[in-house]
Amino acid sequence: MDGMDHITREQQQSAAAGERPLADRIALVAGATRGLGRAIAVALGEAGATVYVTGRTTRTHTSEVGRPQETIEETGELVTAAGGTGIAVPTDHLDEERARALFARIEADHGRLDILVNDLWGGEHLVAEHVFGKKSWETPLADGLRMLDLGVRSHVITAGLALPLLIRSDGPVHVEVTDGTAEFNERFRDNLYFDIAKTTPHRIAFALSEELAPFNGTALSVSPGFLRSEQMLSFFGVTEENWREAVAQEPHFAIAESPFYLARGLAALAADPQRARWSGTSASSAELASSYDLTDVDGSRPDSFAYFRDVVFGGKKGVAEDYR
């Protein structure tokens, strides 16, 4: 049993109980092949949404991420199994023609889009090679620019093409997913290219909160904490079931959270009639969980950013369990 199997069973139980507050909503999760994007798509499906999911790895093609284990078709199936309608559309959002075809399909099918989750990235292989301990001039220019393509240009293309459909909704929701809250990202994020890639989504969300305001829209940026994604679990050689064994290798992994933690919060926000209070803000998974009285899959409520602020960077005495 892996983490996504666990999520799917929980969501099937919730769907069976009739909890479908997003039953009439049309959503797109851009970048949903694995990790957080997949969990968000499944959580929206659990709430009853029709969810278009996009990604570059399919059952016949593997993207530069290099993980054939997860495919976008599988994500679509998980959404449907959770109680929604999952529609997998293999898409490279840096390919303008394919991105336009995606939105033309959504328009033809539904005439509008209610929720956009912009979770595009796929650059961890570049981070591993060129970010930690490296200056920007030690990063090959092509690789640095690729990070900006993956983390900024793809988001701008997607937002630009989605907005004409979003403003047809009676309450559009635009979510920019990044690494680090706006407060956390006030510190330097290790490398020029990575810093730009992970701070720009905050500004995109802020700008769109202004542009969507006349349309009863909500735009915000969100960030998970130390994420137990498939890639991170593989890196440490553990699974969702025995993830705590990785704490011996990386003590801070004790604060790690599953992808479903933030996914639960975003599904609750999307169904919240008062969600406009989040517009223009940057929210962590812990902040959403606290506001909507949610927990992670293990019943805990980890707050990675408070832990890193106080203990790791602030020198306060404490352990991860104090922040769960």
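**View 1. Helices H6 and H7 pack against each other in this predicted model.** The axes of helix H6 (residues 141-166) and helix H7 (residues 192-212) come within 9 Å and cross at roughly 15 degrees; helices here are DSSP runs (H or I) of at least four residues, numbered from the N terminus. Axes are lines fitted to C-alpha atoms over the stretch in contact, with angles from 0 to 180 degrees between N-to-C directions. H6 and H7 are therefore roughly parallel to each other (an angle under 35 degrees). Residues in contact (heavy atoms within 4.5 Å) include Leu141, Gly144 and His155 of H6 and Tyr193, Thr200 and Leu212 of H7. By class, this contact has 16 nonpolar, 4 polar and no charged residues (nonpolar: Ala, Val, Leu, Ile, Met, Phe, Trp, Tyr, Cys and Pro; charged: Asp, Glu, Lys and Arg; polar: the others, Gly among them).

**View 2. Aspartate 190 has a positive phi of about 80 degrees.** Most residues other than glycine have a negative phi. Aspartate 190 lies in the loop between strand S5 (173-177) and H7, a strand being a DSSP run (E) of at least two residues. Its relative accessible area of 33% makes aspartate 190 partly exposed (buried is under 20%, exposed over 50%, partly exposed in between, with a 1.4 Å probe and protein chains only).

**View 3. Aspartate 293 also has a positive phi, near 55 degrees.** Aspartate 293 is found in the loop between helix H10 (285-292) and helix H11 (304-312). At 61% relative accessibility, aspartate 293 counts as exposed.

**Notes.** Residues are numbered from 1 along each chain as its sequence is written, and side-chain values use heavy atoms, leaving out hydrogens and water. In this predicted model, local features need pLDDT of at least 70 and side-chain atom pairs count only at pLDDT 80 or more, whereas totals for chains, interfaces and linings use all residues.

Terms used: Angles under 35 degrees count as roughly parallel, over 145 as roughly antiparallel, 65 to 115 as roughly perpendicular and the rest as oblique.
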